[in-house]
Amino acid sequence: MEKRVVVYPPDERGWRKVRYDGEILGTAYQVSDITEFLRLAGHPDPDNVDLTDDSLFEWRGGGPETWADSPP
């Protein structure tokens, strides 16, 4: 079964594309962006999602701690 949320490896700026249920939601600059993307996509409880839940998330190129040094 495919993960519902795929967070792609950081690009050269440290930003990460996020896909939810097969749809690209946008580019995340920090971990809180993922919560907002899930909220906008209609996830039932985005504020209480466990970002380390391997049954929901597939982190490519580093986990939830891997981001740019400073967001735009």
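Tutor: Asp21 counts as partly exposed, because its relative accessibility is 47% and the exposed class begins over 50%. This is a predicted model. Asp21 pairs with Arg4 in a salt bridge, at 2.7 Å from N to O. Arg4 sits in the segment before strand 1, and Asp21 in the loop between strand 2 and strand 3 (23-28), so the bridge ties together parts 17 residues apart in sequence. Arg4 is also partly exposed, at 33% relative accessibility.

The whole structure holds 5 salt bridges. Another one joins Asp47 to Arg39, with the closest N and O atoms 2.9 Å apart. Asp47 is exposed, with a relative accessible area of 52%. Arg39 is partly exposed, at 36%.

Arg60 has a relative accessible area of 30% and is partly exposed. Glu58 is partly exposed too, at 25% relative accessibility.

Val5 is in contact with Glu58, and its other contacts beyond four places in sequence include Val18, Leu38 and Phe57. Val5 is among the residues with the most contacts inside the largest nonpolar core, which has 14 residues. Helix 1 gives the most, with 3 residues.

Definitions and conventions: Residues numbered from 1 in each chain as written. Predicted model: local features only at pLDDT ≥ 70, side-chain atom pairs only at ≥ 80, totals over all residues. Heavy atoms only, no water. Core = buried A, V, L, I, M, F, W, Y, C linked by side-chain atoms within 4.5 Å. Buried < 20%, exposed > 50% of the residue type's maximum accessible area, 1.4 Å probe, protein only. Helix = DSSP H or I, 4+ residues; strand = E, 2+ residues; numbered from the N terminus. Contact = heavy atoms within 4.5 Å. Salt bridge = Lys/Arg side-chain N within 4 Å of Asp/Glu carboxyl O.
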